[in-house]
Amino acid sequence: MESISGIRPPLKDPPPGKGDIALPIGFLLSRKYKKPPEMLSEEFAHSLELSFVERAVPEGGYVNIFFDRDKFLHLIWKDTISSFFGSDREGRTYVIDYSSPNIAKPMHVGHLRSTVIGESLKRILSHLGNKVIGLNYLGDIGTQFGSLLVAYKRWVDKKRLEEEPIRELFRIYVKFHEEVEKDPSLEEEARKELELLESGDKERVELWKRFKELSIKGFERIYNRLGVSFDVVVGESDFVERAKTLSRELLERGIAFIGEEGDKKGAILANLEDEGLDHPVLLKSDGTTIYLSRDLASLLWRAEQFNPDVLLYVVALEQNLHFKQLFSLARKLGIEKELVHVSFGMVHVEGMRLSTRKGQVLFLEDVLDKAVSMVGEEMKQRGTFSPNDAEKIGVSALTFWMLKTENNKDVTFRWKDLTSFGGESGPYIQYSYVRAKNILSKTESSMNPFTPTDEEWNLIKLFPFFEISIRESARRYSPHILARYLLQLSTQFHHFYDHNRVIGDRREPLRLWMVKSVENILKIGQHLLVMKPPERM
RNA sequence: GGACCCGUAGCCCAGCCUGGAUAGGGCGUCGGCCUUCUAAGCCGAAGGUCGGGGGUUCAAAUCCCCCCGGGUCCGCCA
């Protein structure tokens, strides 16, 4: 279309009976050539010659395209049942920073969003033929360790720490904040502990390392259940030294300055006023680093280490300003990579005011367990129960729920939504997948093309949009586009399934190919959305 | 004071980037469909001033400006 008209028209759904694809191309061309849209769409329709287009009918500013169903079928016949369907060879290198939890704090439903969006983007970009490095950047530095050291000495239950490390660390963390209310001197004690830790006190460093190990162990448990894995795991603490030298370098190059009067006296501040980004602190007046300088050091390291074309940060929208400042500094240092903050909105929990300090969190593990057990109940009633499939369906229900909404929108977690497995849900997609699989398991017949009927065609013509939605998800760094496509395909398949017989029908050879295509698309699609295809349900 | 995000049916959301034909789904409500490949499904009905007002355009949910509502950030925390 582009080569004929010189522009790239959007693909629209025409009204029923008016073809397969509608192009508002007359309107678009009329802007350029200042002629009436009707005339231009007529010209375009006549000049359009593509093997799989049967006819192109101009109508007003539109051109309605009718496909030649046989040729179209021939064109896609092999692709849609290939495990490479929707893939490409883009060949760029990406580093994606995602999940990135804080050590010694539990993962709750909020952290899940970064984890799932990041993992999904990693899979999508890989499928498109890119080299993708998934990076988990642990928050292993900060004031919480002072409080934690105090809390550890006073209240830790060592047995529970072994069994449930994250929960126990969290329990004493919350305990600290309760006790501090009664005894403010604990705050001072925590500050001293932190100082000792940072000055390299052996006992405290050992404990810190242990907290870190235990936390990672706890996180791994969840990552394993979700099927999430990282290529690189680093901590903020790895970039402290470089952050210091970097801050001084910025100072020498005139990008930063030393605070003189006022409350920031003696600190090294970046000068970003030319971009309206204020002058954030790089190095505190006591010479210690801060997240911005560490993030900058880490960014430079990523650029050197992996030489990527694009650096992605899947981090909450609230940190928008931070990333503007970070990217601006990177540019001033001559980094010319594409830098993208893939932001996402907050996750609220119905009926809960989330506060880590007060212990008000919804543990990810509890959410997963509950979803899995709800699924199990349903399966038992149907007589299809297996622990494996219940786990897959429950976990996928959660990941799909996270991905079906556009990144930037806030979402509210409701048990009701997650445990009603109908409608726009993971199980809805998986159910159509299982139905397709089930048909395929019952026959050995071969696949052969027939000219599709309208009913068949309505499903078939959705197949190529799989590729398009994967590309769109990648372009916009938002998996929801693919999620919506899978819902649409599932709906159409359920409809087809309920109205047409496959096995034993005289059109079985074509229909088997359709079912196989649906099964294949849904299998790849589930993988790209961090879902796990079940066997039965 | 400055900046960012969101506002589409009772509730949740897609469509906005890239303007085009009567604005699409899901939940919930009401009514139908299991002697045939799994009813976590399917079919139908009711439900909309696209937050408001200007502007640009042959054409605005979509682009621009102003306003209103909700959320967030602007710390020697991350």
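In this predicted model, helix α17 (residues 426-440) and helix α21 (residues 508-528) lie at an angle of about 140°, and their axes are 9 Å apart. Angles over 145 degrees would count as roughly antiparallel, and those from 65 to 115 as roughly perpendicular; α17 and α21 are therefore oblique to each other. The crossing of α17 past α21 is left-handed.

On the α17 side, the contact is made by Ile 429, Ser 432, Tyr 433, Ala 436, Lys 437, Ile 439 and Leu 440. On the α21 side, Val 515, Lys 516, Val 518, Glu 519, Leu 522, Lys 523 and Gln 526 take part. Sorted by class, the residues of this contact are 8 nonpolar, 2 polar and 4 charged.

Leaving out residues up to four places away in sequence, Lys 523 touches Tyr 433 and Pro 533. Lys 523 and Tyr 433 are 90 residues apart along the chain, yet their C-alpha atoms are separated by 7.4 Å.

Helix α21 also has a part in the core. The largest nonpolar core has 129 residues, and among its members Ile 96, Leu 148 and Leu 312 touch the most others. Helix α21 gives the most to this core, with 10 residues.

What is Ile 96 in contact with, leaving aside its neighbours within four places in sequence? The residues are Gly 118, Leu 121, Lys 122, Val 132, Gly 134, Leu 135, Leu 312 and Val 314.

Helix α2 (residues 25-33) and helix α3 (residues 37-47) have axes that come within 8 Å and cross at roughly 110°. That angle makes α2 roughly perpendicular to α3. The crossing of these two helices, α2 and α3, is right-handed.

From α2, the contact takes in Ile 25, Gly 26, Phe 27, Leu 29, Ser 30 and Tyr 33. From α3, it takes in Pro 37, Glu 38, Leu 40, Ser 41 and Phe 44. By class, the contact of α2 with α3 has 7 nonpolar, 3 polar and 1 charged residues.

Note on methods:
Residues are numbered from 1 along each chain as its sequence is written. Chains are lettered from A and ligands numbered from 1 in the order in which they are written. This is a predicted model: local features need pLDDT of at least 70, side-chain atom pairs count only at pLDDT 80 or more; totals for chains, interfaces and linings use all residues. A nonpolar core is a set of buried Ala, Val, Leu, Ile, Met, Phe, Trp, Tyr and Cys residues joined through C-beta atoms within 7 Å. A residue is buried if 20 or more other C-beta atoms lie within 10 Å of its own, exposed if 12 or fewer, and partly exposed in between; C-beta atoms are placed from the backbone. Helices (H or I, at least four residues) and strands (E, at least two) are DSSP runs, numbered from the N terminus. Two residues are in contact if their C-beta atoms, placed from the backbone, lie within 7 Å. Axes are lines fitted to C-alpha atoms, for helices over the stretch in contact, and angles run from 0 to 180 degrees between N-to-C directions. Angles under 35 degrees count as roughly parallel, over 145 as roughly antiparallel, 65 to 115 as roughly perpendicular and the rest as oblique. A crossing is left-handed if the near helix is turned anticlockwise from the far one by less than a right angle, and right-handed if clockwise. Ala, Val, Leu, Ile, Met, Phe, Trp, Tyr, Cys and Pro count as nonpolar, Asp, Glu, Lys and Arg as charged, and the others, Gly among them, as polar.
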